[in-house]
Amino acid sequence: MSSSEYKIAGDAEAGTGQPPMMVHVVAPASLPEGYTFEAQVGGDPERTFTVEVPEGGVKEGDTFLAPLPADMADGPRIKAPTGQWKDGLFNCFG
């Protein structure tokens, strides 16, 4: 899948220019596309956010990605290098 085919649900986080952090959500029931429900972060009932069911809907127990609101993120993001290999071709011999 090319980067032009990938669409993030939601805009970049306010003021950061970065896309929102995506989290795995387990569907609590079979739900139609566009349905919204409250999901818990780490099973904590005090930390909930609204999730919208993606295109095509979900079945109970399905896992899908949803954007986590910026105020719910717990820590810094990992800055993984992209676009080139970290090591050279013959670094395995060094």
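This short talk walks through a predicted model, from its overall layout to its aromatic pairs.

Let's start with the layout. The chain has 94 residues. It contains 4 strands and 0 helices. Going along the sequence, the pattern reads β-β-β-β. β1 covers 21-26 and β3 covers 44-52. β2 takes in residues 36-41, and β4 takes in residues 63-68.

Now the chain as a whole. Buried residues account for 18% of it. The accessible surface is about 7,500 Å². Carbon and sulfur atoms hold 53% of that surface. What about contacts along the sequence? Take the contacts with a separation of 6 or more: 52% of them join residues 24 or more positions apart.

Next, the inside. Which residues touch the most other members of the largest nonpolar core? They are Val25, Phe37, Phe49, Val51 and Phe64, out of 15 residues in that core.

Phe49 sits in strand β3. Is Phe49 buried or exposed? Its relative accessibility is 6%, so Phe49 counts as buried, the cut-off for buried being under 20%. Glu38 and Phe49 are 11 residues apart in sequence, yet their C-alpha atoms are 5.4 Å apart.

Ala39 belongs to strand β2. Ala39 is buried too, at a relative accessible area of 8%. With residues up to four places away not counted, Ala39 touches Val25, Arg47, Thr48, Phe49 and Val51. Take Val25 from that set. Ala39 and Val25 are 14 residues apart in sequence, and 7.4 Å apart from C-alpha to C-alpha.

Now the rings. How many aromatic pairs does the structure hold? There are 2. One of them is Phe37 with Phe64. Why is this pair called edge-to-face? The ring centres are 6.5 Å apart and the planes meet at 75°, so the pair is edge-to-face; that label needs planes over 60 degrees apart. This pair links distant parts of the chain. Phe37 lies in strand β2, Phe64 lies in strand β4, and 27 residues separate them.

Phe37 has a relative accessible area of 12%. Phe64 comes in at 8% relative accessibility. And what surrounds Phe64? Setting aside residues up to four places away in sequence, Phe64 touches Val23, His24, Val25, Ala27, Phe37, Val51, Glu52, Pro54 and Val58.

On to Phe90 and Phe93, which also form an aromatic pair. Their centres are 6.3 Å apart, with 25° between the planes. This pair is stacked, because stacked covers planes under 30 degrees apart. Where is Phe90? Phe90 is in the segment after β4.

Are Phe90 and Phe93 buried or exposed? Both are exposed. Phe90 has 60% relative accessibility, so Phe90 counts as exposed, with the cut-off at over 50%. Leu89, Phe90 and Phe93 make a nonpolar patch on the surface. Together the three have about 450 Å² of accessible area.

To wrap up: the edge-to-face pair, Phe37 and Phe64, links strands β2 and β4. The stacked pair is Phe90 and Phe93, and both of its residues are exposed.

Notes:
Residues numbered from 1 in each chain as written. Predicted model: local features only at pLDDT ≥ 70, side-chain atom pairs only at ≥ 80, totals over all residues. Heavy atoms only, no water. Phe/Tyr/Trp six-rings, centres within 6.5 Å; stacked < 30°, edge-to-face > 60°. Helix = DSSP H or I, 4+ residues; strand = E, 2+ residues; numbered from the N terminus. Buried < 20%, exposed > 50% of the residue type's maximum accessible area, 1.4 Å probe, protein only. Patch = residues over 30% accessible without salt bridge, like charges linked within 9 Å, V, L, I, M, F, W, Y side chains within 5 Å. Areas by Shrake-Rupley, 256 points an atom, 1.4 Å probe, with all protein chains shown as cover. Salt bridge = Lys/Arg side-chain N within 4 Å of Asp/Glu carboxyl O. Core = buried A, V, L, I, M, F, W, Y, C linked by side-chain atoms within 4.5 Å. Contact = heavy atoms within 4.5 Å.
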